[in-house]
Amino acid sequence: MKRIKKGLFSMALLTLAFSLAACGQTPAASDSGKKEEKTAAQKEEKKANLVVAGVVFQEDQFMKLLSLGYQDAANAAGVKILTGNTGNDQGKETELINTYIGQKLDGIAIAPLNQDSSVAALKRADDKGVKVSVTNISLTNAPFIVGGYTSDNKNIGQVTGKEAARFIQEKLGGKAKIAVLQYKSQLPQQSTDRVNGFLEEVKKVNPDVQVVADQDAWLQDKAVSVVGDILTAHPDVNVIWAANEGGTIGAAMAVKNAGKSGKVYVFGTDASYQLIAMLKEKDNILQAIAGQDPYNMGYKAMELLIKGLKGEDVSANKGKTTSVDGILLSRSNPEGLAKFETDLNAKMSK
């Protein structure tokens, strides 16, 4: 009897031990599950409260459309966006990026000023957990970027180059004295690519053309002055090509000021309301421009950045910048010009 009681007592102790062990394990497992749930919830909360920045470098229509693309993409994704402008100042660009790092933003979509010198500050942002996408440029040695969208700058030059080649052949007998306005001291590679694209296409058709002047003048007022001097020094110039909006506007104004309408013809780059109006003027000075698509560049770059921040697979774009071809807007195609203007109005009215 004593043996039976002793056995029952031992079994009871063993059962109690297993029970206590089980009780000890259950809360631990429960705590682990709660931690995992909390971590997942925190990740989802972070995704729902993303803050990004959209940065441009000057106040023209191109950059305004680029910024609008940033903003519309962020708003469509329900993400808070801050906007910034570096004002063509490398120091200010670095300062602004450092500010965003300090504010612990999640990402930056930016039009950097320089394909080389802008990389260090952007790399520092990425190292601090601020993801980066780029617009309007292809950076040198920046495998860390989420991706980006830009114009193919050689293509931009080729677009107007083909139209100028046709014009020179048909209207000027295949001969021309050309003056070039660019922005080599601001963005050397980008400017050079546009110039080379333009001249290559012109010379394919018209090997006898001559470039008699090549100067930097990307702001409107500066271009008016520079082209005025060129026309004085080279009165036989009959074609001017400019690599950006300010240069194109200034060149056309300078030709008009010099009273050379119908004698000197301007081709240029970028698309704005002022340039579209110049293409429709009866003075016949501005002949064609290569329009870019800054709105979609900005939208796609911001969209890609946010997808990456939300955990979507964007690895195919990492370190790459996708090129977007230019659009020809020509005095010789009023229907195409009208369609572009209608589309532009729709975007700017948002």
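Helices, labelled H, and strands, labelled E, are DSSP runs numbered from the N terminus. With that in hand, a quick tour. This is a predicted model.

Let's start with helix H2. H2 covers residues 61–76, which makes 16 residues. From first C-alpha to last, H2 reaches 22 Å, close to the 22 Å expected at 1.5 Å a residue. Twelve of those 16 residues are buried, so H2 is largely enclosed by the rest of the structure. Among the buried ones are Phe 62, Met 63, Leu 65, Leu 66, Tyr 70 and Asp 72. Keep Tyr 70 in mind. After H2 comes Gly 78, with a positive phi, near 70 degrees.

Next, the core. Which residues touch the most other members of the largest nonpolar core? That core has 44 residues, and the answer is Tyr 70, Ile 178, Phe 267 and Met 302. Strand E1, H2, H5, E6, H6, E8, E9 and helix H10 each supply at least two residues of this core. H10, residues 294–309, gives the most, with seven residues.

Apart from the 44-residue core lies another core, of 34 residues. Its members include Ile 249, Ala 251, Val 266 and Leu 286.

On to helix H6, residues 188–205. H6 has 18 residues and reaches 27 Å end to end by C-alpha, close to the 26 Å expected. Its buried residues include Val 195, Phe 198, Leu 199 and Val 202. What do the buried residues of H6 pack against? Helix H5, plus strands E6, E7, E8 and E9.

Now a helix pair. Two packed helices are described by the angle between their axes and the distance between the axes. For H8, residues 245–257, and H9, residues 273–280, the axes come within 10 Å and cross at roughly 35 degrees. The H8 and H9 crossing is left-handed. On the H8 side, the contact is made by Glu 245, Thr 248, Ile 249, Ala 252 and Met 253. On the H9 side, Gln 274, Leu 275 and Met 278 meet them. Those contact residues divide into five nonpolar, two polar and one charged.

Most residues other than glycine have a negative phi. Asn 88 is not a glycine, yet has a positive phi of about 60 degrees. Asn 88 is in the loop between strand E2 and helix H3. At 33% relative accessibility, Asn 88 counts as partly exposed. Asn 284 also has a positive phi, near 65 degrees, and is not glycine. Asn 284 is in the loop between H9 and strand E10. Its relative accessible area is 30%, so Asn 284 is partly exposed.

Last stop, Ala 120. Buried or exposed, at a relative accessible area of 52%? Exposed, because the cut-off is over 50%. Ala 120 is found in helix H4, residues 119–127. Ala 120 and Ala 142 are 22 residues apart in sequence. In space, Ala 120 and Ala 142 are 9.2 Å apart, C-alpha to C-alpha.

Technical notes. Residues are numbered from 1 along each chain as its sequence is written. This is a predicted model: local features need pLDDT of at least 70, side-chain atom pairs count only at pLDDT 80 or more; totals for chains, interfaces and linings use all residues. Side-chain values use heavy atoms; hydrogens and water are left out. Helices (H or I, at least four residues) and strands (E, at least two) are DSSP runs, numbered from the N terminus. Buried means under 20% relative accessible area, exposed over 50%, partly exposed in between (1.4 Å probe, protein chains only). The expected span of a helix is 1.5 Å times one less than its number of residues. Contact means heavy atoms within 4.5 Å. Axes are lines fitted to C-alpha atoms, for helices over the stretch in contact, and angles run from 0 to 180 degrees between N-to-C directions. A crossing is left-handed if the near helix is turned anticlockwise from the far one by less than a right angle, and right-handed if clockwise. Ala, Val, Leu, Ile, Met, Phe, Trp, Tyr, Cys and Pro count as nonpolar, Asp, Glu, Lys and Arg as charged, and the others, Gly among them, as polar. A nonpolar core is a set of buried Ala, Val, Leu, Ile, Met, Phe, Trp, Tyr and Cys residues joined through side-chain atoms within 4.5 Å.
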